Amino acid sequence: MTATTAEKTSGGLRRALSWEGTGLLGVLILVFIVLSIFAPNFLTTGNLLNVLQQAAFFGIVAFAMTLVIVSGEIDVSVGSQAALTSSLVGYMVGTMGWNMAIACLLAIILAVLFGAFVGLIRHYFNVPTFIGTLALYLALRGAAMLVTNTFPIPIDSSKFFYWGTGKILGIPVAAIYLVIAFAVVAFIAKSTVFGRSVYAVGGNAKAAEVSGINVMKVRVIVMSISAFTAAITGLLQTAQLSSGNSTIANGLEFDAIAAAVIGGTAMSGGKGSVSGTLIGVLFVAILLNGMVLLGMNPYLQQVVRGALVLIAVMINVIRARRAEAAG
């Protein structure tokens, strides 16, 4: 190995193992060890596969959420997007008897249109995406309840059920979706012109526009991708339950945002990585699983989840201030 190659390798290793990433990985390993000792049945193959399956139900959205936050935006409507997708598919298939593929496609298209709509009003009316998606959070959850009348709508399809609960070589299908989603979003973020544009817009939207980047297009696409992954998650949960359900995905937005922020994505935009979010997803999934196995009160679990988001954001702010002070 030449000196130049060795220097490049060393530099790449240092970048990969930044203190934030190394610290988070260390905390993840520590939590894993503690739960292995104190939580019954944690360290079993069946439970670890279950962790991966549960991780898929918010991890897929978390990867897209990373792009949204890196672009300087936020999306708190993903849980309601998933619930409406589930309710619509349940209604179209379970009540109306429509073809499953057509129903899923229509529900996904509608979700993407909602995402694009938020991106457009963000650009043309300067409505913050937090406000736009908060409105959707309320409206879409209400629409989902109207569609189902708050009752689950059974879907009789063993093939569809398989996509939410099946296994390939012992690995849950949902976990395979998680890996595919990670690979696709990571490729978009690191290896495409669009991915570099997302970072540029999140770093400084005005400068990005002056340099020729179509800021409106970037915002519309990232919000559409977020809505698309929410719809996919809604379909996965629908398949798992074999019913269209307006109450699914409660708290999905918080778990997805927490995973992205814990993974090092800056709430101020412009910084973050899908690899970091993957570690954040595993951390949140293991923590949630551990709390259940330890028999923690469900209400206390909500408190812990809320505290987790708050701590992650505070660390994020402190890190941003230090970076700003360092110039």
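Reader: Which side chain makes a polar contact with the side chain of Ser-246?
Author: This is a predicted model: local features need pLDDT of at least 70, side-chain atom pairs count only at pLDDT 80 or more, and totals for chains, interfaces and linings use all residues. Residues are numbered from 1 along each chain as its sequence is written, and side-chain values use heavy atoms, leaving out hydrogens and water. A polar contact is a pair of N or O atoms within 3.5 Å; within protein, one must be able to donate a hydrogen and the other to accept it, and residues adjacent in sequence count only if both atoms are side-chain atoms. At 3.3 Å, the partner is the side chain of Thr-148.

Reader: Is Ser-246 buried or exposed?
Author: Ser-246 is in the loop between β4 (243-244) and α12. Buried means under 20% relative accessible area, exposed over 50%, and partly exposed in between (1.4 Å probe, protein chains only). Ser-246 has 1% relative accessibility, so it counts as buried.

Reader: Which residues does Ser-246 touch, not counting those up to four places away in sequence?
Author: Contact means heavy atoms within 4.5 Å. Ser-246 touches Ala-83, Ser-87, Arg-141, Ala-144, Met-145, Thr-148 and Thr-150.

Reader: Where is Thr-150, and what is its phi?
Author: Thr-150 sits in the loop between α6 (129-148) and β1 (153-154). Its relative accessibility is 43%, so it counts as partly exposed. Most residues other than glycine have a negative phi. Thr-150 is not a glycine, yet its phi is positive, at about 70 degrees.

Reader: Which residue's backbone oxygen lies 2.6 Å from a polar atom of the side chain of Ser-80?
Author: Ser-80 is in helix α4 (residues 78-95); helices (H or I, at least four residues) and strands (E, at least two) are DSSP runs, numbered from the N terminus. Its relative accessible area is 0%, so Ser-80 is buried. Leaving aside neighbours within four places in sequence, its contacts are Leu-136, Tyr-137, Leu-140, Arg-141 and Glu-253. The backbone oxygen at 2.6 Å belongs to Tyr-137.

Reader: How many Å separate the C-alpha atoms of Ser-243 and Ile-153?
Author: Ser-243 is in strand β4, and with a relative accessible area of 9% it is buried. Not counting residues up to four places away in sequence, it touches Ser-86, Pro-152, Ile-153, Pro-154, Ile-155 and Thr-238. Ser-243 and Ile-153 are 90 residues apart in sequence, but their C-alpha separation is 5.1 Å.

Reader: How many Å separate the C-alpha atoms of Val-112 and Ala-259?
Author: Val-112 is in helix α5, and at 26% relative accessibility it counts as partly exposed. Leaving aside neighbours within four places in sequence, Val-112 is in contact with Ser-224, Ala-227 and Phe-228. Ala-259 is 147 residues from Val-112 along the chain, and their C-alpha atoms are separated by 22 Å.

Reader: How many residues of the second largest pocket's lining are charged?
Author: A pocket is an open set of points on a 1 Å grid over the protein atoms alone, where a 1.4 Å probe fits, with protein on both sides within 12 Å along at least five of seven lines; lining residues have an atom within 4 Å of a point. Here 19 residues line it, and Gln-54, Phe-57, Asp-255, Leu-288 and Arg-305 lie nearest its centre. Ala, Val, Leu, Ile, Met, Phe, Trp, Tyr, Cys and Pro count as nonpolar, Asp, Glu, Lys and Arg as charged, and the others, Gly among them, as polar. The lining divides into nine nonpolar, eight polar and, as charged residues, two.
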